[in-house]
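Hi everyone, and thanks for coming. Let me put the structure up on the screen, and then we can walk through it together.

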Amino acid sequence: MADVSEDPIVAEQALPPRSPRSAAAVRLPIWAGWAGGEFAAELQRRDLGALVRGPTTTLQVNVGKLCNQACHHCHVEAGPKRTEIMPPEVFDAVLALLARSPELTTVDITGGAPELTPGFRHLVAGARRLGRHVIDRCNLTVLFEPGMEDLAPFLADHEVEIVASLPCYGPDNVDAQRGKGVFDRSIRALQLLNRLGYGGGRPELPLHLVYNPLGPSLPPPQDVLEKDYQRELDERFGVRFDRLYTITNMPIRRFADQLRRSGRDEAYMSLLVSHFNPATVEGLMCRSLLSVGWQGQLHDCDFNQMLEMPLGAGGQTIFDLESVAELAGRPVATGNHCYACTAGSGSSCGGALSAGPDRASLTSTS
Ligand code: SF4
Ligand code: SF4
(Lines give C-alpha, C1' and ligand atoms only; values in the text may rest on other atoms or scores of the structure.)
(Ligands and ions follow the chains in the order given, each with its own letter.)
Protein backbone atom coordinates (compact mmCIF):
# COMPACT_ATOMS: atom_id res chain seq x y z
CA MET A 1 0.00 0.00 0.00
CA ALA A 2 1.25 3.46 -0.81
CA ASP A 3 0.22 5.58 2.16
CA VAL A 4 -2.30 5.74 4.94
CA SER A 5 -5.02 7.32 2.83
CA GLU A 6 -4.86 4.29 0.54
CA ASP A 7 -5.20 1.81 3.38
CA PRO A 8 -8.95 1.09 3.40
CA ILE A 9 -8.89 -0.26 6.93
CA VAL A 10 -6.99 2.62 8.44
CA ALA A 11 -8.77 5.29 6.42
CA GLU A 12 -12.16 3.91 7.40
CA GLN A 13 -11.46 4.27 11.08
CA ALA A 14 -9.36 7.41 11.10
CA LEU A 15 -10.55 10.28 13.23
CA PRO A 16 -11.38 13.70 11.85
CA PRO A 17 -9.61 16.71 13.37
CA ARG A 18 -11.33 17.93 16.51
CA SER A 19 -14.52 19.86 15.82
CA PRO A 20 -17.26 21.18 18.10
CA ARG A 21 -19.27 18.07 17.24
CA SER A 22 -16.53 15.53 17.90
CA ALA A 23 -15.45 17.27 21.11
CA ALA A 24 -19.04 17.08 22.32
CA ALA A 25 -19.02 13.36 21.62
CA VAL A 26 -16.59 12.76 24.49
CA ARG A 27 -18.77 10.91 26.96
CA LEU A 28 -16.70 11.66 30.03
CA PRO A 29 -18.78 13.76 32.40
CA ILE A 30 -15.65 15.54 33.57
CA TRP A 31 -12.58 15.42 31.38
CA ALA A 32 -9.89 14.63 33.88
CA GLY A 33 -7.08 13.80 31.48
CA TRP A 34 -5.48 10.42 30.96
CA ALA A 35 -4.73 9.92 34.65
CA GLY A 36 -8.34 10.57 35.77
CA GLY A 37 -10.59 8.12 37.57
CA GLU A 38 -13.39 7.69 35.05
CA PHE A 39 -12.18 4.22 34.00
CA ALA A 40 -12.57 2.86 37.52
CA ALA A 41 -16.03 4.43 37.75
CA GLU A 42 -16.96 2.82 34.41
CA LEU A 43 -16.11 -0.62 35.80
CA GLN A 44 -18.26 0.08 38.85
CA ARG A 45 -21.19 1.36 36.78
CA ARG A 46 -21.12 -1.85 34.77
CA ASP A 47 -20.93 -4.05 37.87
CA LEU A 48 -17.49 -5.27 36.85
CA GLY A 49 -16.02 -4.39 40.22
CA ALA A 50 -12.57 -3.00 40.81
CA LEU A 51 -9.69 -4.34 38.74
CA VAL A 52 -7.71 -6.78 40.87
CA ARG A 53 -4.70 -8.94 40.16
CA GLY A 54 -4.95 -12.70 39.71
CA PRO A 55 -1.95 -15.03 39.85
CA THR A 56 1.11 -13.39 38.28
CA THR A 57 2.50 -15.58 35.53
CA THR A 58 4.49 -13.09 33.42
CA LEU A 59 7.34 -10.86 34.50
CA GLN A 60 7.70 -8.07 31.97
CA VAL A 61 11.11 -6.51 32.27
CA ASN A 62 11.69 -3.11 30.69
CA VAL A 63 15.47 -2.88 30.59
CA GLY A 64 15.59 0.79 29.58
CA LYS A 65 14.99 3.49 27.03
CA LEU A 66 17.96 3.00 24.73
CA CYS A 67 16.85 2.24 21.17
CA ASN A 68 18.31 2.50 17.68
CA GLN A 69 14.99 3.99 16.50
CA ALA A 70 12.83 6.90 17.67
CA CYS A 71 9.32 6.05 16.45
CA HIS A 72 6.56 8.65 16.47
CA HIS A 73 4.12 6.61 18.57
CA CYS A 74 6.65 5.29 21.11
CA HIS A 75 5.09 5.24 24.59
CA VAL A 76 8.56 4.78 26.11
CA GLU A 77 10.00 7.82 24.34
CA ALA A 78 12.96 5.63 23.55
CA GLY A 79 15.79 6.65 21.26
CA PRO A 80 19.51 6.43 20.49
CA LYS A 81 20.42 9.21 22.93
CA ARG A 82 18.62 7.81 25.98
CA THR A 83 20.98 6.70 28.71
CA GLU A 84 18.55 4.99 31.12
CA ILE A 85 19.49 1.30 31.14
CA MET A 86 19.08 -1.41 33.74
CA PRO A 87 22.17 -1.85 35.95
CA PRO A 88 23.62 -5.29 36.74
CA GLU A 89 22.20 -5.43 40.29
CA VAL A 90 18.64 -5.07 38.96
CA PHE A 91 19.21 -7.82 36.38
CA ASP A 92 20.40 -10.05 39.22
CA ALA A 93 17.37 -9.10 41.34
CA VAL A 94 15.09 -10.07 38.45
CA LEU A 95 16.73 -13.49 38.22
CA ALA A 96 16.52 -13.91 41.99
CA LEU A 97 12.79 -13.08 41.97
CA LEU A 98 12.29 -15.62 39.19
CA ALA A 99 14.04 -18.27 41.24
CA ARG A 100 11.79 -17.48 44.24
CA SER A 101 8.56 -17.39 42.16
CA PRO A 102 7.92 -20.64 40.30
CA GLU A 103 4.50 -19.36 39.14
CA LEU A 104 6.34 -16.91 36.84
CA THR A 105 6.37 -19.02 33.71
CA THR A 106 7.25 -16.26 31.23
CA VAL A 107 9.83 -13.47 31.12
CA ASP A 108 8.85 -10.80 28.61
CA ILE A 109 11.76 -8.46 27.83
CA THR A 110 11.10 -5.04 26.41
CA GLY A 111 12.67 -1.58 26.14
CA GLY A 112 13.77 0.48 24.11
CA ALA A 113 15.56 -2.03 21.99
CA PRO A 114 16.26 -4.39 24.90
CA GLU A 115 19.06 -6.23 23.09
CA LEU A 116 21.24 -3.08 23.18
CA THR A 117 21.34 -3.06 26.96
CA PRO A 118 24.34 -4.89 28.40
CA GLY A 119 22.82 -7.54 30.63
CA PHE A 120 20.14 -8.58 28.12
CA ARG A 121 21.89 -11.83 27.25
CA HIS A 122 22.66 -12.51 30.93
CA LEU A 123 18.94 -12.23 31.66
CA VAL A 124 17.91 -14.41 28.70
CA ALA A 125 20.41 -17.14 29.54
CA GLY A 126 19.59 -17.02 33.26
CA ALA A 127 15.84 -17.19 32.73
CA ARG A 128 16.22 -20.08 30.29
CA ARG A 129 18.42 -21.94 32.80
CA LEU A 130 15.55 -21.52 35.27
CA GLY A 131 13.26 -23.15 32.71
CA ARG A 132 11.23 -20.03 31.90
CA HIS A 133 9.79 -19.11 28.53
CA VAL A 134 11.44 -15.91 27.28
CA ILE A 135 9.96 -13.30 24.93
CA ASP A 136 12.08 -10.65 23.22
CA ARG A 137 10.14 -7.60 22.00
CA CYS A 138 12.42 -6.93 19.06
CA ASN A 139 12.26 -4.00 16.64
CA LEU A 140 13.99 -6.15 13.96
CA THR A 141 16.39 -3.43 12.75
CA VAL A 142 18.49 -3.95 15.88
CA LEU A 143 19.72 -7.21 14.32
CA PHE A 144 21.84 -5.08 11.95
CA GLU A 145 23.32 -2.73 14.54
CA PRO A 146 27.10 -2.88 15.04
CA GLY A 147 27.99 -5.62 17.53
CA MET A 148 24.66 -7.41 17.05
CA GLU A 149 25.81 -9.75 14.26
CA ASP A 150 25.40 -12.81 16.49
CA LEU A 151 22.13 -11.68 18.09
CA ALA A 152 19.76 -13.66 15.86
CA PRO A 153 21.62 -16.98 16.36
CA PHE A 154 21.79 -16.25 20.11
CA LEU A 155 18.00 -15.85 20.24
CA ALA A 156 17.47 -19.03 18.22
CA ASP A 157 19.95 -21.03 20.33
CA HIS A 158 18.07 -20.00 23.49
CA GLU A 159 14.67 -20.65 21.87
CA VAL A 160 13.52 -17.11 22.60
CA GLU A 161 10.09 -16.14 21.30
CA ILE A 162 10.32 -13.03 19.12
CA VAL A 163 7.54 -10.45 19.02
CA ALA A 164 8.35 -7.84 16.38
CA SER A 165 6.68 -4.61 15.36
CA LEU A 166 5.71 -4.25 11.72
CA PRO A 167 2.84 -1.78 11.44
CA CYS A 168 2.21 -2.49 7.76
CA TYR A 169 3.18 -4.94 5.01
CA GLY A 170 4.21 -2.08 2.73
CA PRO A 171 7.10 0.38 3.14
CA ASP A 172 5.42 3.79 3.26
CA ASN A 173 3.42 3.41 6.48
CA VAL A 174 6.27 1.65 8.29
CA ASP A 175 8.85 4.26 7.31
CA ALA A 176 6.42 7.09 8.19
CA GLN A 177 5.93 5.72 11.70
CA ARG A 178 9.33 4.19 12.43
CA GLY A 179 11.87 6.01 10.25
CA LYS A 180 13.31 5.99 6.75
CA GLY A 181 14.55 2.61 5.57
CA VAL A 182 13.08 0.73 8.54
CA PHE A 183 10.75 -1.35 6.37
CA ASP A 184 13.52 -2.73 4.15
CA ARG A 185 15.71 -3.58 7.12
CA SER A 186 12.74 -5.16 8.93
CA ILE A 187 12.04 -7.41 5.95
CA ARG A 188 15.70 -8.43 5.76
CA ALA A 189 15.61 -9.21 9.49
CA LEU A 190 12.48 -11.35 9.09
CA GLN A 191 14.13 -13.25 6.21
CA LEU A 192 17.17 -13.84 8.42
CA LEU A 193 14.97 -15.13 11.26
CA ASN A 194 13.12 -17.40 8.82
CA ARG A 195 16.45 -18.88 7.71
CA LEU A 196 17.18 -19.68 11.37
CA GLY A 197 13.89 -21.56 11.66
CA TYR A 198 11.69 -18.82 13.11
CA GLY A 199 8.13 -18.38 11.88
CA GLY A 200 7.79 -21.83 10.38
CA GLY A 201 5.34 -23.17 12.94
CA ARG A 202 8.02 -24.75 15.18
CA PRO A 203 6.82 -24.28 18.77
CA GLU A 204 10.35 -23.60 20.06
CA LEU A 205 10.96 -20.76 17.57
CA PRO A 206 7.83 -18.63 17.45
CA LEU A 207 7.84 -15.36 15.53
CA HIS A 208 4.90 -13.04 15.98
CA LEU A 209 4.33 -9.63 14.40
CA VAL A 210 2.67 -6.59 15.93
CA TYR A 211 0.43 -4.16 14.10
CA ASN A 212 -0.55 -0.81 15.55
CA PRO A 213 -2.51 1.85 13.66
CA LEU A 214 -0.56 4.70 12.11
CA GLY A 215 -2.77 7.29 13.79
CA PRO A 216 -5.69 7.74 16.21
CA SER A 217 -7.87 4.84 15.13
CA LEU A 218 -8.70 1.40 16.44
CA PRO A 219 -7.00 -1.62 14.91
CA PRO A 220 -9.02 -3.69 12.45
CA PRO A 221 -10.05 -7.27 13.36
CA GLN A 222 -6.91 -9.23 14.16
CA ASP A 223 -7.77 -12.46 12.36
CA VAL A 224 -8.65 -10.65 9.12
CA LEU A 225 -5.50 -8.55 9.14
CA GLU A 226 -3.36 -11.58 10.00
CA LYS A 227 -4.45 -13.31 6.78
CA ASP A 228 -3.66 -10.16 4.78
CA TYR A 229 -0.20 -9.95 6.35
CA GLN A 230 0.50 -13.64 5.76
CA ARG A 231 -0.50 -13.45 2.11
CA GLU A 232 1.26 -10.16 1.32
CA LEU A 233 4.52 -10.87 3.16
CA ASP A 234 4.77 -14.33 1.66
CA GLU A 235 3.98 -13.25 -1.90
CA ARG A 236 6.12 -10.12 -1.89
CA PHE A 237 9.09 -11.17 0.24
CA GLY A 238 8.82 -14.89 1.04
CA VAL A 239 8.47 -13.98 4.74
CA ARG A 240 6.69 -16.31 7.18
CA PHE A 241 5.49 -15.64 10.71
CA ASP A 242 3.20 -17.33 13.19
CA ARG A 243 0.66 -14.85 14.59
CA LEU A 244 -0.19 -11.19 14.14
CA TYR A 245 -1.07 -9.18 17.23
CA THR A 246 -3.08 -6.00 16.81
CA ILE A 247 -2.40 -3.37 19.48
CA THR A 248 -4.19 -0.09 20.15
CA ASN A 249 -1.97 2.98 20.36
CA MET A 250 -1.69 4.02 24.01
CA PRO A 251 -2.33 7.76 24.34
CA ILE A 252 0.60 8.53 26.58
CA ARG A 253 4.00 10.13 26.12
CA ARG A 254 5.08 10.64 22.50
CA PHE A 255 1.74 9.63 20.95
CA ALA A 256 -0.19 11.79 23.45
CA ASP A 257 1.98 14.77 22.50
CA GLN A 258 1.17 14.13 18.84
CA LEU A 259 -2.56 13.98 19.61
CA ARG A 260 -2.45 17.23 21.55
CA ARG A 261 -0.46 19.02 18.86
CA SER A 262 -2.96 17.98 16.20
CA GLY A 263 -5.95 18.80 18.42
CA ARG A 264 -7.25 15.25 18.34
CA ASP A 265 -6.72 14.15 21.95
CA GLU A 266 -10.34 14.46 23.01
CA ALA A 267 -11.63 12.86 19.81
CA TYR A 268 -9.32 9.88 20.39
CA MET A 269 -10.53 9.61 23.96
CA SER A 270 -14.10 9.69 22.69
CA LEU A 271 -13.31 6.82 20.33
CA LEU A 272 -11.78 4.73 23.13
CA VAL A 273 -14.55 5.46 25.65
CA SER A 274 -17.41 4.92 23.24
CA HIS A 275 -15.99 1.52 22.24
CA PHE A 276 -15.51 0.22 25.78
CA ASN A 277 -15.98 -3.55 25.55
CA PRO A 278 -16.72 -5.27 28.89
CA ALA A 279 -15.70 -8.64 27.39
CA THR A 280 -12.06 -7.47 27.41
CA VAL A 281 -11.82 -6.84 31.15
CA GLU A 282 -11.33 -10.42 32.24
CA GLY A 283 -8.27 -10.82 30.01
CA LEU A 284 -6.51 -7.52 30.75
CA MET A 285 -2.82 -8.26 30.98
CA CYS A 286 -2.37 -6.34 34.24
CA ARG A 287 -4.24 -9.16 35.98
CA SER A 288 -1.42 -11.61 35.34
CA LEU A 289 1.66 -9.50 34.58
CA LEU A 290 4.14 -7.65 36.76
CA SER A 291 6.17 -4.90 35.13
CA VAL A 292 9.72 -4.11 36.27
CA GLY A 293 11.39 -0.83 35.38
CA TRP A 294 15.06 -0.30 34.63
CA GLN A 295 15.73 0.81 38.20
CA GLY A 296 13.78 -2.09 39.70
CA GLN A 297 10.53 -0.24 40.35
CA LEU A 298 7.37 -2.34 40.05
CA HIS A 299 4.17 -1.48 38.17
CA ASP A 300 0.98 -3.19 37.04
CA CYS A 301 1.93 -2.80 33.36
CA ASP A 302 4.48 -1.11 31.11
CA PHE A 303 2.09 1.78 30.40
CA ASN A 304 1.67 2.51 34.09
CA GLN A 305 5.43 2.34 34.35
CA MET A 306 5.78 5.07 31.73
CA LEU A 307 3.22 7.16 33.63
CA GLU A 308 5.16 6.49 36.85
CA MET A 309 2.02 5.05 38.46
CA PRO A 310 3.09 2.86 41.37
CA LEU A 311 1.85 -0.69 41.74
CA GLY A 312 -1.79 -0.70 42.89
CA ALA A 313 -0.73 -3.03 45.68
CA GLY A 314 1.50 -0.25 47.01
CA GLY A 315 4.84 1.20 45.99
CA GLN A 316 7.48 -1.48 45.97
CA THR A 317 10.67 -2.31 44.16
CA ILE A 318 11.96 -5.66 43.07
CA PHE A 319 14.29 -5.60 46.06
CA ASP A 320 11.29 -5.58 48.46
CA LEU A 321 9.21 -8.37 46.95
CA GLU A 322 9.71 -11.83 48.36
CA SER A 323 7.46 -13.58 45.84
CA VAL A 324 4.86 -12.55 43.27
CA ALA A 325 2.37 -14.76 45.14
CA GLU A 326 1.84 -11.93 47.62
CA LEU A 327 0.34 -9.73 44.86
CA ALA A 328 -2.65 -11.98 44.03
CA GLY A 329 -5.95 -10.30 44.88
CA ARG A 330 -4.38 -6.86 45.23
CA PRO A 331 -5.80 -3.88 43.28
CA VAL A 332 -4.49 -2.71 39.90
CA ALA A 333 -3.68 1.00 39.55
CA THR A 334 -5.85 2.33 36.71
CA GLY A 335 -6.33 5.63 34.87
CA ASN A 336 -8.22 6.81 31.83
CA HIS A 337 -5.43 5.53 29.58
CA CYS A 338 -6.82 2.05 30.44
CA TYR A 339 -9.62 2.70 27.95
CA ALA A 340 -7.04 1.92 25.25
CA CYS A 341 -6.90 -1.67 26.53
CA THR A 342 -10.68 -2.13 26.58
CA ALA A 343 -11.75 -0.45 23.32
CA GLY A 344 -13.14 -2.61 20.53
CA SER A 345 -11.47 -6.01 20.54
CA GLY A 346 -9.22 -4.93 23.39
CA SER A 347 -5.46 -4.66 23.41
CA SER A 348 -2.57 -6.25 25.24
CA CYS A 349 1.02 -7.27 24.63
CA GLY A 350 -0.47 -10.47 23.19
CA GLY A 351 -2.84 -8.63 20.86
CA ALA A 352 -6.63 -8.49 20.86
CA LEU A 353 -8.52 -9.73 23.92
CA SER A 354 -11.90 -10.63 22.42
CA ALA A 355 -13.60 -10.94 19.07
CA GLY A 356 -14.91 -7.42 19.73
CA PRO A 357 -17.82 -5.62 18.20
CA ASP A 358 -18.46 -5.85 14.48
CA ARG A 359 -16.48 -3.64 12.18
CA ALA A 360 -19.34 -1.27 11.39
CA SER A 361 -19.58 -0.12 14.98
CA LEU A 362 -15.89 0.79 15.02
CA THR A 363 -16.48 3.52 12.51
CA SER A 364 -19.08 5.54 14.44
CA THR A 365 -16.63 7.82 16.12
CA SER A 366 -18.43 11.12 16.10
S1 SF4 B 1 11.53 0.56 18.17
FE2 SF4 B 1 10.06 0.39 19.87
S3 SF4 B 1 11.14 1.14 21.67
FE4 SF4 B 1 12.30 1.84 19.86
S5 SF4 B 1 11.50 3.91 19.47
FE6 SF4 B 1 10.32 2.46 18.21
S7 SF4 B 1 8.50 1.95 19.44
FE8 SF4 B 1 10.02 2.89 20.82
S1 SF4 C 1 -3.18 0.35 30.89
FE2 SF4 C 1 -4.16 -1.61 30.39
S3 SF4 C 1 -2.80 -3.16 31.23
FE4 SF4 C 1 -2.26 -1.20 32.18
S5 SF4 C 1 -3.43 -1.10 34.09
FE6 SF4 C 1 -4.66 -0.11 32.52
S7 SF4 C 1 -5.98 -1.74 31.72
FE8 SF4 C 1 -4.33 -2.72 32.82
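Glu-159 sits in the loop between α6 (151–157) and β4 (161–165). Helices here are DSSP runs of H or I with at least four residues, strands are runs of E with at least two, and both are numbered from the N terminus. Glu-159 is not a glycine, yet its phi is positive, about 50°. It is partly exposed, with 15 other C-beta atoms within 10 Å. On that scale, 20 or more other C-beta atoms within 10 Å of a residue's own makes it buried, 12 or fewer makes it exposed, and partly exposed is in between, with C-beta atoms placed from the backbone.

Before going on, a word on where this comes from: it is a predicted model, in which local features need pLDDT of at least 70 and side-chain atom pairs count only at pLDDT 80 or more, while totals for chains, interfaces and linings use all residues. Residues are numbered from 1 along each chain as its sequence is written, and chains are lettered from A and ligands numbered from 1 in the order in which they are written.

Glu-77 is another residue other than glycine with a positive phi, near 55°. You will find Glu-77 in the loop between β1 (58–62) and α4 (88–100). Glu-77 is partly exposed, having 17 other C-beta atoms within 10 Å.

Now to the sheet. In what order do the strands of the open sheet run? There are eight, in the order β6-β5-β4-β3-β2-β1-β7-β8, and the pairing is mixed. The edge strands, β6 (243–246) and β8 (298–299), each pair on one side only; to count as a pair, two strands need at least two bridges found by DSSP. Look at β3 (residues 133–138): four bridges join it to β4, and the two run parallel. There, Ile-135 stands opposite Glu-161 in β4.

Next, helix α8 (residues 182–195). Its 14 residues reach 20 Å from first C-alpha to last, close to the 20 Å expected at 1.5 Å a residue; the expected span is 1.5 Å times one less than the number of residues. Among the buried residues of α8 are Phe-183, Ile-187 and Leu-190. The cover over the buried residues of α8 includes α6, β4, α7 (171–178), β5 (207–211) and α9 (222–237), where contact means C-beta atoms, placed from the backbone, within 7 Å. After α8 comes Gly-197, with a positive phi near 105°.

Finally, the ligands. What surrounds ligand 1? Its shell includes Cys-67, Cys-71, Cys-74, Gly-111, Gly-112, Asn-139 and Arg-178; a residue is near if its C-beta atom, placed from the backbone, lies within 6 Å. By class, that shell has seven nonpolar, four polar and one charged residues. Ala, Val, Leu, Ile, Met, Phe, Trp, Tyr, Cys and Pro count as nonpolar, Asp, Glu, Lys and Arg as charged, and the others, Gly among them, as polar.

Gly-111 and Gly-112 are joined by a cis peptide bond, with omega about 25°. Gly-112 belongs to the loop between β2 (106–110) and α5 (120–129).

Around ligand 2 we have residues including Cys-286, Asp-300, Cys-301, His-337, Cys-338 and Cys-341. That shell has eight nonpolar, three polar and one charged residues.

Technical notes:
Contact = placed C-beta atoms within 7 Å.
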